[in-house]
2 protein chains.
Amino acid sequence: MSRTRVHNFAVSLDGFGSGEPQSLEAPFGHAGQRLHEWMFATRFWGPEGATGVDDAFAQQHGAGFGAEIMGANKFGPPGWPDDPAWRGWWGEDPPFHTPTFVLTHHPREPLEMAGGTTFHFLDASPAEALEVARAAAGGLDVRIGGGAAVVRDFLAAGLVDHAHLVVVPIVLGRGTRVWDGLEALEDAYAVEAVSSPSGVTHLTLTRRR
Amino acid sequence: MSRTRVHNFAVSLDGFGSGEPQSLEAPFGHAGQRLHEWMFATRFWGPEGATGVDDAFAQQHGAGFGAEIMGANKFGPPGWPDDPAWRGWWGEDPPFHTPTFVLTHHPREPLEMAGGTTFHFLDASPAEALEVARAAAGGLDVRIGGGAAVVRDFLAAGLVDHAHLVVVPIVLGRGTRVWDGLEALEDAYAVEAVSSPSGVTHLTLTRRR
């Protein structure tokens with residue numbers, strides 16, 4: 001059965017999944033790289049990285065996916081829909097290797113990249129986008145890739161089967177909130193927390209049946 | 001050296017230290033008892049309770065204190081300043097056993113209770129209140145007892161030496177936010193996180209020297 005999953009989604013102690021303002025130079029705003037240092041230190045990120053609990057979680061980002069859905073803010077900096085030459089942050093061989101659906105109010109023609117990634121642009125609700133992505137995933141899982149607003153919207157719509165969030169011990173103070181509108185999420189999801197020697201805490205949300 | 005400490009202060013995943021609305025029947029609003037179930041299960045709370053990491057942290061609430069400072073919302077439900085007969089939630093022998101300073105814009109005469117607790121009512125800034133409480137503490141530590149707004153204000157003012165917060169895996173959605181106004185708190189405090197089999201995560205903040 002194809003599942004919908006979130007992996008390696010970092011959030012500050014005060015619940016922000018991104019800082020502000022987001023720009024070409026600072027995709028996560030004033031958060032800089034601080035939400036993801038735990039991940040850069042893993043073998044998942046590079047061959048010199050460490051194994052251990054952070055790596056064990058991080059590795060799950062890659063396995064078993066047939067499609068990704070991401071928000072407009074993950075695909076590019078503010079204003080990218082006005083730039084017909086924008087092809088994403090990731091160069092000509094993006095790390096998705098599947099059909100990848102970008103939610104945007106400004107759809108354009110699909111972009112076929114190297115390595116199996118094709119970007120499709122959809123102006124659709126979470127449920128509609130998931131139906132399209134599921135059909136493209138060939139029986140494999142669909143990753144909800146972020147950013148914060150997209151993770152929040154898919155959780156709020158009850159469309160996520162499994163979510164891995166990583167609480168990083170920093171207080172951002174401002175940015176995009178992940179938890180807003182998710183009151184009583186614990187009624188729908190079993191929540192496990194495990195802290196790591198790196199200082200982060202891995203949260204695993206598994207939808208109750 | 002007398003320290004200023006916060007202990008056993010529970011906060012939801014989305015950063016609320018209390019639900020809403022607060023009332024005589026529901027001191028934590030719609031949060032009910034859910035922020036404190038981890039504590040009720042410890043030996044700190046009762047002789048049938050469990051030992052373990054939750055209890056080890058909870059026990060630190062009691063030792064070495066000569067005074068407590070609390071906010072008006074901890075002392076009573078909304079409207080208590082209009083009721084001259086209100087003597088706190090805790091009956092005639094409150095669990096403080098020290099001078100206890102209640103921050104309020106409606107001061108009244110001190111209330112001497114049994115067991116060593118005397119409530120003093122102060123209309124003062126955090127720094128002013130801490131000076132008074134420190135003088136009354138006889139060289140022992142001062143506890144910042146909450147609620148959320150008081151913990152936040154003392155942290156923001158840089159007056160807290162050590163804070164123990166407990167992240168409970170629920171999403172409250174509304175109430176009083178603990179982390180607001182504390183951007184970059186990690187620059188001033190070393191943060192340790194340790195998760196417990198009960199599901200909560202203990203955060204320890206230690207002021208950097």
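Two strands are said to pair if DSSP finds at least two bridges between them. Strands (E, at least two residues) and helices (H or I, at least four) are DSSP runs, numbered from the N terminus. The model is predicted, and local features need pLDDT of at least 70, side-chain atom pairs count only at pLDDT 80 or more, and totals for chains, interfaces and linings use all residues. Residues are numbered from 1 along each chain as its sequence is written, chains are lettered from A and ligands numbered from 1 in the order in which they are written, and side-chain values use heavy atoms, with hydrogens and water left out.

**Stop 1: the sheet of chain B**

Select the strands of chain B. Nine of them form an open sheet with mixed pairing, in the order β5-β6-β4-β3-β7-β1-β8-β11-β10. At its edges lie β5 (111–112) and β10 (189–195) of chain B, each pairing on one side only. In general, strands of a sheet pair through backbone hydrogen bonds, either parallel or antiparallel.

**Stop 2: B:Val102**

Next, select B:Val102, which belongs to strand β4 (residues 99–103) of chain B. Is this residue buried or exposed? B:Val102 has a relative accessible area of 0% and is therefore buried, a term that means under 20% relative accessible area, with exposed meaning over 50% and partly exposed in between (1.4 Å probe, protein chains only).

Display the surroundings of B:Val102 using contacts, defined as heavy atoms within 4.5 Å. Leaving aside neighbours within four places in sequence, B:Val102 is in contact with B:Met70, B:Gly71, B:Ala72, B:Phe75, B:Trp80, B:Phe119, B:His120, B:Phe121 and B:Leu122. B:Phe119 is 17 residues away from B:Val102 along the chain, and their C-alpha atoms are separated by 6.8 Å.

**Stop 3: from β7 to α5**

Move to the loop between β7 and α5 of chain B, where B:Gly147 is placed. The peptide bond from B:Gly146 to B:Gly147 is cis, with omega near 0°. In chain A, the bond from A:Gly146 to A:Gly147 is also cis, with omega near 5°, and A:Gly147 lies in the loop between β7 (141–144) and α5 (148–156) of that chain.

Continue into helix α5 (residues 148–156) of chain B, where B:Ala148, B:Val150, B:Val151, B:Phe154 and B:Leu155 are buried. Just after this helix, B:Gly158 takes a positive phi of about 70°.

**Stop 4**

Select B:His97, in the loop between α3 (72–75) and β4 of chain B. B:His97 is not a glycine, yet its phi is positive, at about 60°. With 45% relative accessibility, B:His97 counts as partly exposed.

Then select A:Ala184, in the loop between β9 (176–177) and α6 (185–188) of chain A. Phi of A:Ala184 is near 65°, a positive value in a residue other than glycine. A:Ala184 counts as partly exposed, at 25% relative accessibility.

**Stop 5: the two chains together**

Finally, show both chains. Chain B is superposed on chain A by a rotation of 180° with 0.0 Å of shift along its axis (RMSD 0.0 Å). That is the relation of a two-fold axis. The superposition is by least squares on the C-alpha atoms of residues with pLDDT of at least 70 in both copies. To locate the axis, select B:Ser195, which comes closest to it of the residues of chain B, at 2.7 Å (C-alpha). Because 100% of the interface residues of chain B are also interface residues in chain A, the copies meet through the same surface.
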